[in-house]
Amino acid sequence: MLSQEDMAALTAAEEKRLGLNSPEFIRRHNEIMETADRIRRENKKRLCQTGTLTKASNPTTLSKNGVCRQYNTPAAPCKER
């Protein structure tokens, strides 16, 4: 088991390796977060456009994950959070 001093030294070395709090680190972090937000918005928009998810009643329409989409009902209004 590592001592507190060893753990602190490993943590400091990793922070230095990553350039924690450097302008480059912050820039890359912001890029990643913006990309994640964009993907979340696109996925939410796509779900709102396709309708409600329900359990498949017909095994032939069952998808790999046991869910099918109802395309014959209007999609519920999408609300931004």
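This is a guided tour of the structure, stop by stop.

**Before you start**

This is a predicted model, in which local features need pLDDT of at least 70, side-chain atom pairs count only at pLDDT 80 or more, and totals for chains, interfaces and linings use all residues. Residues are numbered from 1 along each chain as its sequence is written, and side-chain values use heavy atoms, with hydrogens and water left out.

**Stop 1: the whole chain**

Show the protein as a cartoon. It has two helices and two strands. Helices (H or I, at least four residues) and strands (E, at least two) are DSSP runs, numbered from the N terminus. Along the sequence the pattern reads α-α-β-β.

How much of the protein is buried? Buried residues make up 4% of the 81 residues. Buried means under 20% relative accessible area, exposed means over 50%, and partly exposed lies in between (1.4 Å probe, protein chains only).

Contacts come next. A contact means heavy atoms within 4.5 Å. Of the contacts with a separation of 6 or more, 28% are between residues 24 or more positions apart.

**Stop 2: colour by confidence**

Colour the chain by pLDDT, the predictor's confidence in each residue, from 0 to 100. The protein averages 76, and 59% of the residues score at least 70. Which elements have the highest and lowest mean pLDDT? Helix α1 (residues 4-18) has the highest, at 96. Strand β2 (residues 67-69) has the lowest, at 47.

Select residues 66-75. Here pLDDT stays under 50. The model has 23 contacts beyond four places in sequence for this stretch.

**Stop 3: the start of the chain**

Select L2. This residue lies in the segment before α1. L2 is partly exposed, at 47% relative accessibility. Leaving aside its neighbours within four places in sequence, L2 is in contact with M7 and L10.

With L2 they form a nonpolar patch on the surface, with about 290 Å² of accessible area together. Patches are made of residues with over 30% relative accessible area and no salt bridge; like charges are joined within 9 Å, and nonpolar side chains (Val, Leu, Ile, Met, Phe, Trp, Tyr) within 5 Å.

**Stop 4**

A salt bridge is a side-chain nitrogen of Lys or Arg within 4 Å of a carboxyl oxygen of Asp or Glu. By this rule the count is six.

Show the side chains of E14 and R17. Their closest N and O atoms are 2.6 Å apart, and the two residues form a salt bridge. Both lie in helix α1, three residues apart, about one turn of the helix. E14 is partly exposed, at 35% relative accessible area. R17 is exposed, at 59%.

**Stop 5: the loop**

Move to N21. Where is this residue found? N21 sits in the loop between α1 and α2. Its phi is near 70 degrees, a positive value in a residue other than glycine. N21 counts as exposed, with 62% relative accessibility.

**Stop 6: into α2**

Select E24, which is placed in helix α2. E24 counts as partly exposed, at 48% relative accessibility. A polar contact of 2.6 Å joins the side chains of E24 and R27. A polar contact is a pair of N or O atoms within 3.5 Å; within protein, one must be able to donate a hydrogen and the other to accept it, and residues adjacent in sequence count only if both atoms are side-chain atoms.

R27 and E31 are four residues apart in helix α2 (residues 23-50), so about one helical turn separates them. R27 is partly exposed, at 38% relative accessibility. E31 is also partly exposed, at 28%.

**Stop 7: further along α2**

Select R38 and E42. Here too the side chains meet in a salt bridge, at 3.2 Å from N to O. The two are separated by about one helical turn, because they are four residues apart in helix α2. R38 is partly exposed, at 38% relative accessible area. E42 counts as partly exposed, at 34%.

To finish, select E24, R27, R28 and E31. Salt bridges that share partners join these residues into one network.

Conventions: Areas by Shrake-Rupley, 256 points an atom, 1.4 Å probe, with all protein chains shown as cover.
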